[in-house]
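Let's walk through this model together, starting with the fold and ending where the chains meet. Keep the structure open beside you as you read.

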Number of protein chains: 2
Amino acid sequence: MPDYAQRLHSAIRRTQTPSLVGIDPRWDLLPQEIRDKASAGGGSQAEQHARGFEHFSLELLDIICDSVAVVKPQVAFFEQLGIPGLQALHRVMTRARELGLLVIADAKRGDIGSTAEAYAAGWLAGEDPGAAEWPADALTVNPYLGADTLQPFVDVARQRGAGIYVLVRTSNPGAAVFQDPRSEGHAIYEIVADRVCDLAAQTTPQGEDYGCVGAVVGATWPEQLQQLRERMPGVPFLVPGYGAQGGTSADTAGAFDADGLGAVINSSRGINFAWHTAGLQDEFGEDSWREAIAEATRRMRSDLAEHTPAGQLSIPRA
Amino acid sequence: MPDYAQRLHSAIRRTQTPSLVGIDPRWDLLPQEIRDKASAGGGSQAEQHARGFEHFSLELLDIICDSVAVVKPQVAFFEQLGIPGLQALHRVMTRARELGLLVIADAKRGDIGSTAEAYAAGWLAGEDPGAAEWPADALTVNPYLGADTLQPFVDVARQRGAGIYVLVRTSNPGAAVFQDPRSEGHAIYEIVADRVCDLAAQTTPQGEDYGCVGAVVGATWPEQLQQLRERMPGVPFLVPGYGAQGGTSADTAGAFDADGLGAVINSSRGINFAWHTAGLQDEFGEDSWREAIAEATRRMRSDLAEHTPAGQLSIPRA
C-alpha cells in the first residue's frame, strides 16, 4: 500500500502545484443565490445553513478539482451547526474523495490514550475512504498533551496509508505566547518539532524521503518556516496563513525541498470568497463568484510556481 | 444570569460532592445485554455501536443523576462512530440537561480566530441548552495555539453563563514532555496557568471567588496540583486521573479551597465499568452492572468526602 507521503507527492506532481484549498464556508459570505436556495428549503437555522454550506462546498469542489490535488475542510464551521452541519461535512468529504482529491480534515484533535485512539480510528481513513467513519486522508493534531498522545495517531496513519499534521508553529498573531518560550536554548515549538521529526523518521519507508507525520507551520513566520524545514527533513509541511492572513508566496518558499515537494500551501478565504478579496473584487461581482474562485485558484498556482521551488513541478523529470 | 461558577458551586453544594462522572462508552466493555439489543437493531456496525452507546449512557445517567451534579461525555468515543455516534451524543447531552445535570463536553477543541469562534458558538450553550447546537455547560479547550485563541471561548462563555476548562497539566504519563520545559524559571504549564488565571479574573463577578475559565490538572501529579491551586485562585479545576488512572482521593485534596469548592474530580472507567474494576469485581457480576455503578458512585462520594476538603460540603453553612 502506498503511504501518505507517496500519495500526496504523486498528486502534487500530477497537478503540478502544492496549492491546498481550504473549505471554510461562512454563511454571511456565501453568494446570495445559495443562501436564498438554502433558506427556501426550510427547517431550523442550522439546517438551512448546513444546506448552504454543503451546496457551496460541492460547487467549490467542482470548480477546483482539476486545478489542485488537496482540500482541507475546516471541521469547526460544520460542527458549529450540529448534526446537520456534520452530515453536510460528511457528504462534502465523500464527494472530494470521489473526485480524486486528497482530504485533510482540519479538526486539530488531540487527547490521551484510548481517546486519542478513538479520534485516530474515526478520522484517519487513509487510502480506503471506507476505513473510517470520516473519510479523511489526513488530520491535523494538537501536540500539547504530550508525545505519547501522538503515537496512536501515528500507528493508525501507518496502517491505513493516512497522514497527520501536528501543530508546530501556528499562523495566528499570538502563536508565540506558548510556542516560543525557550528552554535550554530551544523554543517549545522546536522541542515539538524534534519529536515530530523522530516520528516521521520512524514512518519513512526505505528509499523514500518523507514519512506520514507532518507539521503545521504558518506562512506568517517565514524565518521560523525556513529554519524548521532545515530542522525537519522528511516531515511534510502544511502551511496556513498564505493570502488573507498576510503570508506571501515568497514567505512560503522556505517550506519546500529543492524539487518543490515537502509542502502544501493553504488558502481558504482567498479562494472561497475570492469575489470579496482586494485583488479580485473589482473584476468579479457576486454574479460571477464561480469565475472568481477559478481565477483565484489559477493565480495561486502561478504565484507559487513563480516565487517558490514549486516551479520545479512543471519541469519534466529526467 | 448566574455565571458558570455560581451554577457549578450551587450544584456541588446541593449534591454535597465534587464527583464528576465521565461518560466514556466502550463497545467491548458494555454489558452483553446492551450489546445484544444494540446489534439486534441491525444497520452498520457504527449504527449498532452508537445504539449501544446511547442506551448505556442513558442508563448511566439515570443511575447517577441523584448522586452527582456534573457529567463529562468524552466526545471522541461518539465522534469515532460518525453521524450515528454524534446523534447519540446529542441525545445523551440533551437528556443529561433535562435531568438537571451540568454537562462538560470533553472535546479538547482549539483553533484560531473565526474558527475558535465557531467551536465556542457551537458547544457553549451555557445556562440555556438551546443556545448552541451542542447543549454543553462547559467545554475543555487546548491552549497550544496561543492565549489569543482562548479569547473567543471566554467571550462566548461569559455571554451565555458557560465555562471552559483549559488544559494546563494533563494526567497522561507523557504530559511533561511539552508541558514541563522551563523558560526563565517557569514551566510551560505555569505560563499557561498564569494566562488562564488572568482570563478567569476578568470573568469573576464582583463579590464572587471564581471566574468561568477553568483548568484541567491531572490527579496523577499531586504536587503540581497543589502548587497550581495556590497559583490560580479563582480558577475552577477539572481533575482527571482519579481511580483507573492511578490518582487517589488524597492526591486530589490539593485541588480544593478550604470550603471544599473550586474543583470537580472525574472518574470515567471506574464508574462506567465498575463491575470490571479491581475493587468491585468480586462483589458484582455483569448481571448486576447497574448496582455496581451505583455502589462505585457511592464509594467515590465517600472517598472524596473523607480525604479531601469536599467533606466540608456536608456540614451545614452558618
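## A barrel, strand by strand

In chain B, 8 strands form a closed barrel in the order β1-β2-β3-β4-β5-β8-β9-β10, and their pairing is parallel. Helices (H or I, at least four residues) and strands (E, at least two) are DSSP runs, numbered from the N terminus. Two strands pair if DSSP finds at least two bridges between them. From one strand to the next, the twist averages 30 degrees.

Before going further, some housekeeping. This is a predicted model, in which local features need pLDDT of at least 70 and side-chain atom pairs count only at pLDDT 80 or more, while totals for chains, interfaces and linings use all residues. Residues are numbered from 1 along each chain as its sequence is written, and chains are lettered from A and ligands numbered from 1 in the order in which they are written.

Strands β1 (residues 19-23) and β2 (residues 70-73) of chain B run parallel, joined by 4 bridges. To find your place there, look for B:V21, which stands opposite B:V71 in β2(B). As background, strands of a sheet pair through backbone hydrogen bonds, either parallel or antiparallel.

Now look for a helix on this barrel. Helix α7 (residues 151-160) of chain B lies across β4 (138-141), β5 (163-169) and β8 (213-217) of chain B, and runs at about 145 degrees to β5(B). Axes here are lines fitted to C-alpha atoms, for helices over the stretch in contact, and angles run from 0 to 180 degrees between N-to-C directions.

## Inside chain A

Switch to chain A and pick out β5. How many residues of strand β5 (residues 163-169) of chain A are buried? The count is 7 of 7, so to speak a mostly covered strand. A residue is buried if 20 or more other C-beta atoms lie within 10 Å of its own, exposed if 12 or fewer, and partly exposed in between, with C-beta atoms placed from the backbone.

On one side of the pairing, strand β4 (residues 138-141) of chain A and β5(A) make 4 bridges in the parallel sense, with A:T140 opposite A:Y165 in β5(A). The chain gets from β4(A) to β5(A) through helix α7 (residues 151-160) of chain A, in a right-handed β-α-β crossover. Right-handed means that, with the strands pointing away from the viewer, the path from the first strand over the helix to the second runs clockwise.

β5(A) also pairs with strand β8 (residues 213-217) of chain A, again in the parallel sense, over 5 bridges. Here A:Y165 stands opposite A:G214, and A:L167 stands opposite A:V216.

In β8(A), 5 of the 5 residues are buried, so the strand is largely enclosed by the rest of the structure. In a regular strand the side chains alternate between the two faces of the sheet. Both faces of β8(A) are covered, with A:V213, A:A215 and A:V217 buried on one side and A:G214 and A:V216 buried on the other. A:V216 also stands opposite A:L238 in β9(A); 2 bridges join β8(A) to this parallel strand, β9 (residues 237-239) of chain A.

Together, β8(A), α10(A) and β9(A) make a right-handed β-α-β unit. Helix α10 (residues 222-231) of chain A includes A:R231, which counts as partly exposed because it has 16 C-beta neighbours inside 10 Å. Leaving aside neighbours within four places in sequence, A:R231 is in contact (C-beta atoms, placed from the backbone, within 7 Å) with A:E190 and A:A193.

B:L81 counts as buried because it has 28 C-beta neighbours inside 10 Å. Leaving aside neighbours within four places in sequence, B:L81 is in contact with A:E133, B:A46, B:H49 and B:A50.

How do the two copies relate? A rotation of 180 degrees with 0.0 Å of shift along its axis superposes chain B on chain A (RMSD 0.0 Å), which is the relation of a two-fold axis. The C-alpha of B:S183 is the one in chain B nearest the axis, 2.4 Å from it. Copies are superposed by least squares on the C-alpha atoms of residues with pLDDT of at least 70 in both. Finally, 100% of the interface residues of chain B are also interface residues in chain A, so the copies meet through the same surface.

Note on methods
Contact = placed C-beta atoms within 7 Å.
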